Amino acid sequence: MRLAFAIGAIVGLVAPAVGFFLVQRRMSLIGDGVGHVAFAGVAAGYLLGVSPVLTALVASVGGAVAIELLRARRQTAGDQALALVFYTGIAAGVVLLSAAGALDANLFAFLFGSILTVTNGDLILVGLLGIASLALIALVYRGLVAATLDEEGARVSGVPVAALNVSLAALVGVTVALSMRIVGILLIAALMVLPVIAASRISWSIRSTIVLAMAIGLASVFVGLTISYYANLAPGGAIVLVAAAAFGAASLARALRPVAR
Amino acid sequence: MSLAIEPANGGVAAGVGATGAGVSAETAGVGATGAGVGAEAAGICPAGTSVPAVVELSGASFAYPGSAPVLRDVNLRVERGEFVAIAGPNGGGKTTLVRLALGLERPSAGSVALFGEPAARVGRRDRIGYLRQRAQLGIDAPATVREVVAAGRVPRRGVLRLLRAEDHAAIEEAIARVGLDGQARSPLARLSGGQQQRAFIAKALAGQPELLVLDEPTSGVDVDAQESLAALLDELHRTLEVTIIFVSHEFGAIERFVGRIVLVRGGIVFDGDPAKLPISWHDPSHVHS
């Protein structure tokens, strides 16, 4: 349980920080697509007898960067690139898992999250990746903001937009891999997006939106994990429902204070 | 092509005259020799021989693959310190012309130079401030005016470096120049369309650009805001000596302030002093080629 809370704390902070830039750039669903690629990675891990978190990390970072490159070169429309990677990922996952003979209950822990199956090894990996992700966001924060406000204007003025987009895609891949054990592949995207749209109901600046979203993400994970522990529910579902409730509460707060800053 | 350039070329001369030096007139002569090699040489002139134009298109054409050409054989030279309006009907190719000039598209024929370098390979792009159409900007982002303007400092300072005192000073100055000092901490969503426009102009100014390009800045902004936008740009042009290219499908208030109007319809059909523009052409949607 302590392990789950420690990992959850990292996930709750990193997912909304990355998610902010996805929401602002109308790429909210990319986390979902990358989650499905991570599923193929998990399956490959089972088949090869390697840690599924590691193989999922490789698959999700690779998938996210592939989506971005397809989009950037305008070879396919953004949603088509997403669909291509999305369905290939889940199909490859099902095929690999059935080949490994692992279409069983263990799989549910990856699909919907689990408190009991997380290990010390997971915590170390998630901790290192989480700190690295937050550091990378802090490093390229100004560039990401510039590209978010006006991507082409930034490109014209010499901001390395392509490199920033690939960094953001890699961050999405890492976030998916590290959130997988707690929230589950099918609900990862929700933890990247819901705290951000909840925060933006009551925020007054970019900085306040990100900080509030991280706070809502953290609170959703803690409350969700607690409920899931005592009520013996799948943690992913509980966490995401708490985040959805936070959106409802934020909307209510905004409605009651129409001139709030 | 001949239609585009010859009758109106007094305008080019007027533009050159405005920047002063006789050297520029000579440069214009070189540019006018047009074809291939000559144009290339004019674009990438060695230091010391003459001042390169800010923007120079020489015999530039552009077509999307499998489509009819959008622009044919465009020759356009914008000198340092000019304030130019590029107008023309929608679909006439003025946005394409600007995208070529900024190196966002490559010409299918001819050459395009920016600050004397090939437009697609300009070394210091932070010299350019580009303001796109309102609909393409992140106006719905939950950002304050200061956050928007600070983002405009990124090209000059670099993505990975922390902002220094001089950067913060440039940001505050840009906010003051567009008259938003009282609203620096306000979220964009609480500003009027005209004020949001000014916030994004301040964003472009924060990078202290030598060239400011505005694409359809008046769309979606009311008439009063258009009037004050034109006056603001005039003031920026006079006080900052920045070269301004203003792209619009209508002239409106800007006509009184610019030294030169370029009408684009598949090519350049007029280039000169706004006062010399035939009266029937003042509504550019009715331009006849």
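A residue counts as buried when 20 or more other C-beta atoms lie within 10 Å of its own. Keep that cut-off in mind for the views below, which come from a predicted model.

**View 1. B:Glu216, a loop residue with a positive phi**. B:Glu216 has 22 other C-beta atoms within 10 Å, so this residue is buried. Look for B:Glu216 in the loop between β7 (211–215) and α10 (223–240) of chain B. Phi of B:Glu216 is near 50°, a positive value in a residue that is not glycine.

**View 2. B:Asp73, a strand residue with a positive phi**. Here the setting is strand β2 of chain B, residues 71–78, which holds B:Asp73. Its phi is near 45°, and B:Asp73 is a residue other than glycine. Is B:Asp73 buried or exposed? There are 20 C-beta neighbours inside 10 Å, so B:Asp73 counts as buried.

**View 3. B:Gly123 in its loop in chain B**. B:Gly123 sits between β5 (117–118) and β6 (128–131). This glycine is exposed, because 9 other C-beta atoms lie within 10 Å and the exposed class takes in residues with 12 or fewer. The C-alpha atom of B:Gly123 is separated by 34 Å from that of B:Pro274, and the two residues are 151 residues apart along the chain. For orientation, chain B as a whole has ten helices and ten strands. Of its 289 residues, 51% are buried. Among contacts in chain B with a separation of 6 or more, 70% link residues 24 or more positions apart.

**View 4. The largest nonpolar core, with A:Ala38 in focus**. This core has 170 residues, and A:Ala38 and A:Leu191 are those with the most contacts inside it. Helix α8 of chain A (residues 161–183) gives the largest share, 13 residues. Which residues does A:Ala38 touch, leaving aside those up to four places away in sequence? They are A:Ala56, A:Ala59, A:Ser60, A:Val176, A:Ala177, A:Met180 and A:Ile185.

**View 5. Helices α9 and α11 of chain A side by side**. The axes of α9 (residues 188–202) and α11 (residues 235–256) come within 8 Å and cross at roughly 15°. Because of that angle, α9(A) is roughly parallel to α11(A). Their crossing is left-handed. Residues of α9(A) in the contact include A:Leu191, A:Leu194 and A:Ile197, while α11(A) brings, among others, A:Val240, A:Phe247 and A:Arg254. By class, the contact has 15 nonpolar residues, one polar and two charged.

**View 6. Helices α6 and α8 of chain A**. What angle do these axes make? They cross at roughly 150° and come within 9 Å. That angle is why α6(A) is roughly antiparallel to α8(A). The crossing is left-handed. Among the residues making the contact are A:Val126, A:Leu129 and A:Ile137 of α6(A), together with A:Leu164, A:Leu168 and A:Leu171 of α8(A). The contact residues divide into 13 nonpolar, five polar and two charged.

**View 7. Where chain A touches chain B**. In this view, 23 residues of chain A are in contact with 24 residues of chain B. On the chain A side, α6 (120–149), α7 (151–156) and α10 (206–231) each supply at least two residues. The largest share, eight residues, comes from α6(A). This side of chain A is made up of ten nonpolar, ten polar and three charged residues.

Key. Residues are numbered from 1 along each chain as its sequence is written. Chains are lettered from A and ligands numbered from 1 in the order in which they are written. This is a predicted model: local features need pLDDT of at least 70, side-chain atom pairs count only at pLDDT 80 or more; totals for chains, interfaces and linings use all residues. A nonpolar core is a set of buried Ala, Val, Leu, Ile, Met, Phe, Trp, Tyr and Cys residues joined through C-beta atoms within 7 Å. Helices (H or I, at least four residues) and strands (E, at least two) are DSSP runs, numbered from the N terminus. Two residues are in contact if their C-beta atoms, placed from the backbone, lie within 7 Å. Axes are lines fitted to C-alpha atoms, for helices over the stretch in contact, and angles run from 0 to 180 degrees between N-to-C directions. Angles under 35 degrees count as roughly parallel, over 145 as roughly antiparallel, 65 to 115 as roughly perpendicular and the rest as oblique. A crossing is left-handed if the near helix is turned anticlockwise from the far one by less than a right angle, and right-handed if clockwise. Ala, Val, Leu, Ile, Met, Phe, Trp, Tyr, Cys and Pro count as nonpolar, Asp, Glu, Lys and Arg as charged, and the others, Gly among them, as polar.
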